[in-house]
Amino acid sequence: PSVVRAGIMAITVYFVYAIERHPKSLNLLSFAVLAMILYDPTIIYAPAFQMSAASVFGIILLYPIIKRSLTTLLNVKSIVGEYIINSLAVTFAASAMVSPIVAYYFEVFSIVSPLANLFVIPLMSLAMLFAIVALALSFVSMPLGVAYAGSANLIIDVVLYINKMAVAIP
């Protein structure tokens, strides 16, 4: 459901720009959710659908507020500080909406996961970038593509290790 939601939102953004309008995030999310429910009404019972919609909803509504609050509170002026504030704001905004759903379905409420996500999300973004580069380079030079794929694999191993450590925290 999250991939379908993201795909519908991306296609809708391109369509909105094509008709020379300015896309509104909440409208894009609402359209994607409505389209998915109209196509398959039973999807509203899927935890993955609920978590995907809730996390994006949280980011749209809470991210600006949390970012502004953290920026004011921490008064950070560096690029690294801004990156950390952005990561914290996105993580907390999504977690605030998804945590009740996770607690309901999986009977778990984690305060460690938002902190682990500060490391995991940037590393997975980097791993995806390396994987895309590896795929592109494999058409030009297989050894170079394999090297980038190995780098992506190493980063994913680090992420798995971080997750393993985070899970072990009581």
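Helices α2 and α3 are roughly antiparallel to each other, a term for axis angles over 145 degrees. This is a predicted model, in which local features need pLDDT of at least 70, side-chain atom pairs count only at pLDDT 80 or more, and totals for chains, interfaces and linings use all residues. Residues are numbered from 1 along each chain as its sequence is written, and side-chain values use heavy atoms, with hydrogens and water left out.

**Packing of α2 and α3**

- The axes of α2 (residues 25–39) and α3 (residues 47–74) come within 10 Å and cross at roughly 170°; axes are lines fitted to C-alpha atoms over the stretch in contact, with angles from 0 to 180 degrees between N-to-C directions.
- Helices here are DSSP runs (H or I, at least four residues) numbered from the N terminus.
- The contact (heavy atoms within 4.5 Å) involves Ser25, Leu26, Leu29, Val33, Met36 and Ile37 on α2, and Phe49, Ala53, Val56, Phe57 and Ile60 on α3.
- Ten residues of this contact are nonpolar, one is polar and none is charged; Ala, Val, Leu, Ile, Met, Phe, Trp, Tyr, Cys and Pro count as nonpolar, Asp, Glu, Lys and Arg as charged, and the others, Gly among them, as polar.

**Individual helix residues**

- Ser52, in helix α3, counts as buried at 5% relative accessibility; buried means under 20% relative accessible area, exposed over 50%, and partly exposed in between (1.4 Å probe, protein chains only).
- Not counting residues up to four places away in sequence, Ser52 touches Pro1, Ser2 and Arg5.
- Tyr148 lies in helix α6 (residues 142–168) and is partly exposed, at 31% relative accessibility.
- Beyond residues up to four places away in sequence, Tyr148 touches Phe130, Val133, Ala134 and Leu137.

**Loop residues with positive phi**

- Glu20, in the loop between α1 (2–18) and α2, has a positive phi of about 60° although it is not a glycine, and is exposed with a relative accessible area of 73%.
- Glu107, in the loop between α4 and α5 (113–138), has a positive phi of about 55° although it is not a glycine, and counts as exposed at 72% relative accessibility.

**Largest pocket**

- The largest pocket has a volume of about 180 Å³, and helix α4 (residues 79–106) gives the most to its lining, with four residues.
- A pocket is an open set of points on a 1 Å grid over the protein atoms alone, where a 1.4 Å probe fits, with protein on both sides within 12 Å along at least five of seven lines; lining residues have an atom within 4 Å of a point.
- The lining comprises Ser95, Val98, Ser99, Val102, Val108, Phe109, Ser110 and Ser113, of which four are nonpolar, four polar and none charged.

How values were computed:
Helix = DSSP H or I, 4+ residues; strand = E, 2+ residues; numbered from the N terminus. Parallel < 35°, antiparallel > 145°, perpendicular 65-115°, else oblique. Points joined across faces, edges and corners; volume = space filled by probe spheres on them.
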